[in-house]
Amino acid sequence: MRTLIYADHAATTALSPAACAAMQPWLQDKYGNPSALYNLAREPHKAVATARETIAACIGARPEEIYFTSGGTEADNWALMGTAFRKLDRNGRIITSSIEHHAILHTCDFLKRMGYDVDLLPVNRQGLIMGETLKGYLRNETLLVSIMLANNEIGTIEPIKELAEIAHRHGCLFHTDAVQAVGHILIDVNNLGVDMLSASAHKFNGPKGIGFLYIRDGVTTESLLHGGVQENGQRAGTENVAGIVGMAVALQEHIERIEQETTYLQKLTDLLLQALRNAGLDFVVNGGDNRIPGSLSLSFRGVDGETLLHRLDLLGTAVATGSACDAKNPILSHVIRAIGVSDAYAHGTIRITLGMDNTIDQTSVLAEQISHILDK
Ligand code: PLP
């Protein structure tokens with residue numbers, strides 16, 4: 001059965017045609033290893049360098065501060081473990097939040113097993129982490145604070161600039177998982193004041209299996225991958241040239257149309273909410289007002305979110321319940337639990353994340369489909 005309405009852009013996005021075209025030469029004719037010394041290697045080497053410059057410019061960084069990874073998960077693992085492993089006596093604490101992606105939370109579980117301490121910050125009803133809360137958790141042994149820029153389930157944008165300032169005043173490093181934010185809101189790493197930032201190309205119409213970690217000049221981390229001297233000796237492994245080039249093209253495209261995207265997606269989400277309200281449905285919108293454009297987490301009273309998802313799927317519409325990684329796990333998502341959605345609504349949660357490929361018509365149809373299913 002064909003998916004007619006794709007409304008799960010936080011899980012992944014389609015590869016942009018321009019990115020796809022830009023990737024082709026590096027997969028076939030120009031296949032040289034960028035580290036080699038002959039002519040066939042020169043162009044791929046240059047392509048990686050140019051992509052690094054493009055990506056750096058998109059987030060206000062310097063090219064040498066961008067390290068390519070296999071995606072958001074590797075970038076998150078590197079930021080956390082790379083910082084923790086600098087302290088080999090394992091006497092250190094990491095602070096993160098209770099609503100992070102599992103790429104952060106499960107890495108923290110691993111670090112706990114290695115002997116480190118981890119503090120999980122609570123969030124308010126909107127999923128916001130307050131500066132005062134962070135201040136209460138900082139200890140002398142705290143090495144790193146890692147707070148996501150935007151949440152993948154409820155879209156909440158966190159006050160990263162304020163939180164990074166607090167961490168720095170205390171002498172800790174600050175990392176942000178910006179996988180859901182890069183390409184969708186304007187980011188300047190210097191203005192945010194972060195030391196490290198993770199991103200993933202497939203969340204902004206780039207290819208899957210490629211991402212990057214921004215590491216501020218002067219910040220040192222331990223490497224996770226050992227071998228060759230790629231990525232300035234910090235991340236071994238032959239570069240995914242096509243992926244890197246595709247990621248740069250996709251990110252540049254997003255940055256160029258970011259205002260247009262924000263306005264359009266706001267229009268679509270307003271339309272959807274209005275249509276659901278007009279249909280008289282009883283639901284709450286999770287995540288407060290300052291959210292990633294196009295992102296809606298809705299909890300319907302007395303409904304089973306997973307059943308709703310499957311009924312929508314039968315109609316050719318793709319939405320999520322919790323995060324994509326939780327798709328096979330029927331228990332309530334840790335994010336919905338952390339923001340304290342009441343039991344009557346919590347199990348009826350679906351995540352709708354709209355993108356530029358969604359039309360006004362599709363949005364109206366999606367609202368009709370939900371109303372129709374819930375009416376029954
Ligand atoms: N962090 C967040 C907030 C995410 O939403 C995701 C993916 O859903 C990841 C990290 C993992 O990224 P990747 O799929 O590139 O490994």
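**Exercise 1. Find which side chains meet in a salt bridge at 2.7 Å (N to O), and work out what that pair links.**

Step 1. Arg62 and Asp217 are the pair: their side chains meet in a salt bridge at 2.7 Å, N to O. A salt bridge here is a side-chain nitrogen of Lys or Arg within 4 Å of a carboxyl oxygen of Asp or Glu.

Step 2. Arg62 sits in the loop between α2 and β2, while Asp217 is in the loop between β8 and α8 (241-256), so the two are 155 residues apart and the pair links distant parts of the chain. Helices (H or I, at least four residues) and strands (E, at least two) are DSSP runs, numbered from the N terminus.

Step 3. Check how open Arg62 is. Arg62 counts as partly exposed because its relative accessibility is 40%. Buried means under 20% relative accessible area, exposed over 50%, and partly exposed in between (1.4 Å probe, protein chains only).

A word on what you're looking at: this is a predicted model, where local features need pLDDT of at least 70 and side-chain atom pairs count only at pLDDT 80 or more, while totals for chains, interfaces and linings use all residues. Residues are numbered from 1 along each chain as its sequence is written, and side-chain values use heavy atoms, with hydrogens and water left out.

**Exercise 2. Work out the strand order of the seven-stranded sheet, and say which strands are its edges.**

Step 1. Read the order across this open sheet: β2-β8-β7-β6-β5-β3-β4, with mixed pairing. Two strands pair if DSSP finds at least two bridges between them.

Step 2. The edges are β2 (66-69) and β4 (117-121), each pairing on one side only.

Step 3. Zoom in on one pair. Strand β3 (residues 93-97) runs parallel to β4, joined by five bridges. Ile94 has Val118 of β4 as its bridge partner.

Step 4. Axes are lines fitted to C-alpha atoms, for helices over the stretch in contact, and angles run from 0 to 180 degrees between N-to-C directions.

Step 5. α2 (residues 39-58) lies across β2 and β8 (211-215), running at about 115° to β2. α6 (residues 160-169) lies across β5 (142-146) and β6 (173-177), at about 155° to β6.

**Exercise 3. Is strand β10 (residues 295-300) enclosed or open, and how does it pair?**

Step 1. Six of the six residues of β10 are buried, so the strand is largely enclosed by the rest of the structure.

Step 2. Check the two faces. In a regular strand the side chains alternate between the two faces of the sheet. Ser295, Ser297 and Ser299 are buried on one side of β10, and Leu296, Leu298 and Phe300 on the other.

Step 3. Find the neighbours. The open sheet runs β9-β10-β12 with antiparallel pairing, and its edge strands are β9 and β12. The twist averages 25° from one strand to the next.

Step 4. β9 (residues 283-286) pairs with β10 over four bridges; Phe283 stands opposite Phe300, and Val284 opposite Ser299. On the β12 (residues 349-353) side there are five bridges, and Leu296 has Ile352 as its bridge partner.

**Exercise 4. Locate Ile339 and list what is in contact with it.**

Step 1. Ile339 lies in the loop between α11 (334-338) and α12 (343-346).

Step 2. Ile339 counts as buried because its relative accessible area is 3%.

Step 3. Leaving aside neighbours within four places in sequence, Ile339 is in contact (heavy atoms within 4.5 Å) with Val123, Asn124, Arg125, Gln126, Gly127, Ile154 and Asn286.
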